[in-house]
Amino acid sequence: MSQLAWRKSSYSGGGEGECVEVATGPDGLIHFRESDDPRVTAATTRAIWATFLTAAKAGDFDRLTG
């Protein structure tokens, strides 16, 4: 997956800490990884990624962080 153009979240602050990186693959899938261990990646469809982002923005996962 090194040929992918990985992008960090604009909320990451530019540091090398706990950041999520995302890339669109030539296969049409959305690939994502945690920046502190870039060897481990996962991929999903655009529809599932969009559903995840909508839920995250709505705060549906906030209870898991506190």
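The legends below describe close-up views of a predicted model.

**Figure 1. Overview of the predicted model and its elements.** The protein has 1 helix and 4 strands. Read from the N terminus, these elements follow the order β-β-β-β-α. Of its 66 residues, 21% count as buried. The average pLDDT of the protein is 88, and 88% of the residues score at least 70. Where pLDDT is low, the predicted coordinates should not be read in detail. Confidence is highest in strand β4, with a mean of 96, and lowest in strand β1 (residues 7-8), with a mean of 90.

**Figure 2. The open sheet of 4 strands.** The strands lie in the order β1-β2-β3-β4, and their pairing is antiparallel. Strands β1 and β4 are the edge strands, each pairing on one side only. Strands of a sheet pair through backbone hydrogen bonds, either parallel or antiparallel.

**Figure 3. The hairpin of strands β2 and β3.** Strand β2 covers residues 20-24 and strand β3 covers residues 30-34. The two strands run antiparallel and are paired over 5 bridges. One of the facing positions is V22, whose bridge partner in β3 is F32. Between the two strands of the hairpin there are 5 residues. The turn includes G28, which has a positive phi of about 85 degrees.

**Figure 4. The hairpin of strands β3 and β4.** Strand β4 is made of residues 41-44 and runs antiparallel to β3. The two strands are joined by 4 bridges, and the hairpin connects them through 6 residues. Two of the facing positions can be followed in this view. I30 stands opposite T44 of β4, and F32 stands opposite A42 of β4. F32 is also the bridge partner of V22.

**Figure 5. The salt bridge of D37 and R39.** In this pair, the closest N and O atoms are 3.1 Å apart. Are the two residues buried or exposed? D37 has a relative accessible area of 26% and is therefore partly exposed, because it falls between the limits of 20% for buried and 50% for exposed. R39 has a relative accessibility of 74%, so it counts as exposed.

**Figure 6. Aromatic residues around helix α1.** F32, W49, F52 and F61 form one aromatic cluster. The count of aromatic pairs in the structure is 3. In one of them, the ring centres of W49 and F52 are 5.5 Å apart and the ring planes meet at 35 degrees, so the pair is tilted. The reason is that planes under 30 degrees apart count as stacked and planes over 60 degrees as edge-to-face, with the rest counted as tilted. W49 and F52 both belong to helix α1 (residues 46-57). The two residues are 3 positions apart, which is about one turn of the helix. W49 counts as buried because its relative accessibility is 14%, under the limit of 20%. F52, with a relative accessible area of 38%, is partly exposed.

**Figure 7. A nonpolar patch on the surface.** The patch is formed by F52, L53, F61 and L64. Together these residues have about 350 Å² of accessible area. F52 lies in helix α1, and its relative accessible area of 38% makes it partly exposed. F52 and F61 also belong to the aromatic cluster, together with F32 and W49.

Note on methods. Residues numbered from 1 in each chain as written. Predicted model: local features only at pLDDT ≥ 70, side-chain atom pairs only at ≥ 80, totals over all residues. Heavy atoms only, no water. Phe/Tyr/Trp six-rings, centres within 6.5 Å; stacked < 30°, edge-to-face > 60°. Buried < 20%, exposed > 50% of the residue type's maximum accessible area, 1.4 Å probe, protein only. Pairing = 2+ DSSP bridges. Patch = residues over 30% accessible without salt bridge, like charges linked within 9 Å, V, L, I, M, F, W, Y side chains within 5 Å. Areas by Shrake-Rupley, 256 points an atom, 1.4 Å probe, with all protein chains shown as cover. Salt bridge = Lys/Arg side-chain N within 4 Å of Asp/Glu carboxyl O. pLDDT = per-residue confidence, 0-100.
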